[in-house]
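Dear colleague,

Please find below the sequence and structure that I am handing over to you. My findings are set out after it.

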Amino acid sequence: MAAGALGLLAVVRVGFMIWPSGPAVAPAAASSSVTTSSSTSSSSGRAPESKANAKLVASADMSLDPTLRLQLLLAVEGINYGGSGRNIFVEQPDAPPIPIPIQPPADPTPQGPPPPPPPPNINLKFFGFANKAGEPKRIFLSENEDVFIAAEGDIVNRRYKVIHINPSSAEIEDVLYNHSQSIPLSQN
């Protein structure tokens, strides 16, 4: 008998799940939900509204009736967006762009050819003096292994001209590059 009673109870339960309770009950539940959501949204507008909306969504999911329910649409239409941060439904100006570093323009004036390289150093070294009475002062100069004897105005190694001989230095000019250099006259 107990098994028969449990079987009958199971058949009734399955019957209610297969056949919905009818169109008269669902609109009444939806209208009561709509009235509670509209009354709560006018009073506080925070947590009770979300609970009422949850009931509407739950009741809509339970019955898969394809008819359009305007009460549910009206209830959802009254929901206000209350998120934190930027409202994506309101037009706002875009964020300012990231500034791009501006590089100064290249110098448009033509530079022309590069300047000539500096003249090479004069490689002559003082080697010694030659003094005779009544003759001009002469100096001995060396470049690498070559030794030259020169007085003021002489040209040495077909390139260097001795301009002036002082007691402490000699002024030498490179004739090819038109460059002068002073060579110290000291003995090592």
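The notes that follow go from the overall fold to the core, the surface and the backbone.

Please bear in mind throughout that this is a predicted model.

Overall fold. The chain contains 4 helices and 7 strands. Their order along the sequence is α-α-α-α-β-β-β-β-β-β-β. The chain has 188 residues, and 18% of them count as buried. Among the contacts with a separation of 6 or more, 25% link residues 24 or more positions apart. The accessible surface amounts to about 15100 Å², and carbon and sulfur atoms contribute 62% of that area.

Nonpolar core. The largest nonpolar core comprises 15 residues, of which Leu124, Ile139, Val162 and Ile172 touch the most other members. Two or more residues of this core are supplied by each of β2, β3, β5 and β6 (169–174). Strand β5 provides the largest share, namely 3 residues. For Ile139, the contacts beyond four places away in sequence are Phe126, Gly128, Phe129, Phe148, Ile149, Ala150, Ile165, Ala170 and Leu185.

Surface patch. A nonpolar patch on the surface is formed by Leu8, Val12 and Phe16, which together have about 330 Å² of accessible area. Val12 is located in helix α1 (residues 2–18).

Backbone. Most residues other than glycine have a negative phi. Two residues with a positive phi deserve a mention here.

- Asn144, which is not a glycine, has a positive phi of about 55 degrees. Asn144 sits in the loop between β2 (138–143) and β3 (146–150). With a relative accessibility of 79%, Asn144 counts as exposed, because the exposed class begins over 50%.
- Arg158, also a residue other than glycine, has a positive phi near 55 degrees. The loop that holds Arg158 runs between β4 (155–156) and β5 (160–165). Arg158 is likewise exposed, at a relative accessible area of 81%.

In brief, β5 gives the largest share of the core, and Arg158 lies in the loop between β4 and β5. Strands β2 and β3 each give two or more residues to that core, and Asn144 lies in the loop between β2 and β3.

With kind regards

Methods: Residues are numbered from 1 along each chain as its sequence is written. This is a predicted model: local features need pLDDT of at least 70, side-chain atom pairs count only at pLDDT 80 or more; totals for chains, interfaces and linings use all residues. Side-chain values use heavy atoms; hydrogens and water are left out. Buried means under 20% relative accessible area, exposed over 50%, partly exposed in between (1.4 Å probe, protein chains only). Contact means heavy atoms within 4.5 Å. Accessible areas come from the Shrake-Rupley method with a 1.4 Å probe; for residues, only the protein chains shown count as cover. A nonpolar core is a set of buried Ala, Val, Leu, Ile, Met, Phe, Trp, Tyr and Cys residues joined through side-chain atoms within 4.5 Å. Patches are made of residues with over 30% relative accessible area and no salt bridge: like charges are joined within 9 Å, nonpolar side chains (Val, Leu, Ile, Met, Phe, Trp, Tyr) within 5 Å. A salt bridge is a side-chain nitrogen of Lys or Arg within 4 Å of a carboxyl oxygen of Asp or Glu.
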